[in-house]
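Look at the structure below and keep the sequence beside it.

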Amino acid sequence: MYVCICRAVTDTEIREAADGGVHDLDQLADTLGAGTGCGCCRESAQAVIDEHIAECVSYAV
Ligand code: FES
């Protein structure tokens, strides 16, 4: 599913970026360009990052 329409970035791509060390919107903008257009997706993109990190932590415990 597209999270960032302006840059055509999907939730899967954001999760992969989080696996690669992306943990905030500035890093996401630098790696995928998400959030660098209209900005409407920034809250949703951060939520995808946060949820993915939380899932990874819960699997590790
Ligand atoms: S939808 Fe992501 S910057 Fe516009």
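Which exposed residues does the face of H1 turned away from its buried side carry? They are Thr12 and Asp19. Bear in mind that this is a predicted model.

H1 runs over residues 11–19, and its buried residues are Ile14, Ala17 and Ala18. These residues lie on the same side of H1, because they cover an arc of only 100° around the axis. After H1 comes Gly21, which has a positive phi, near 110°.

Two of these partners are helices. Two packed helices are described by the angle between their axes and by the distance between the axes.

Take H3 to begin with. The axes of H1 and H3 are 9 Å apart, and the two helices pack at an angle of about 55°. H1 passes H3 in a right-handed crossing. On the H1 side, the contact is made by Asp11, Ile14, Arg15 and Ala18. On the H3 side, Ala45, Val48, Ile49, His52 and Ile53 take part. Sorted by class, the contact of H1 with H3 has six nonpolar residues, one polar residue and two charged residues.

Now turn to H2. Here the angle of packing with H1 is about 110°, and the axes are 11 Å apart. The angle falls within 65 to 115 degrees, so H1 and H2 are roughly perpendicular to each other. Glu13, Ile14 and Ala17 of H1 meet Leu28, Thr31 and Leu32 of H2. By class, four residues in the contact of H1 with H2 are nonpolar, one is polar and one is charged. Ile14 is named in the contact with H3 and also in the contact with H2.

Is Ala29 buried, exposed or partly exposed? Ala29 has 17 C-beta neighbours inside 10 Å, and therefore counts as partly exposed; a buried residue would need 20 or more, and an exposed one 12 or fewer. Apart from its neighbours within four places in sequence, Ala29 is in contact with Ala34, Gly35 and Thr36. Arg42 is 13 residues away from Ala29 along the chain, and their C-alpha atoms are separated by 9.6 Å.

Notes: Residues are numbered from 1 along each chain as its sequence is written. This is a predicted model: local features need pLDDT of at least 70, side-chain atom pairs count only at pLDDT 80 or more; totals for chains, interfaces and linings use all residues. Two residues are in contact if their C-beta atoms, placed from the backbone, lie within 7 Å. Helices (H or I, at least four residues) and strands (E, at least two) are DSSP runs, numbered from the N terminus. The arc is that of the directions from the helix axis to the C-beta atoms. Axes are lines fitted to C-alpha atoms, for helices over the stretch in contact, and angles run from 0 to 180 degrees between N-to-C directions. A crossing is left-handed if the near helix is turned anticlockwise from the far one by less than a right angle, and right-handed if clockwise. Ala, Val, Leu, Ile, Met, Phe, Trp, Tyr, Cys and Pro count as nonpolar, Asp, Glu, Lys and Arg as charged, and the others, Gly among them, as polar. Angles under 35 degrees count as roughly parallel, over 145 as roughly antiparallel, 65 to 115 as roughly perpendicular and the rest as oblique.
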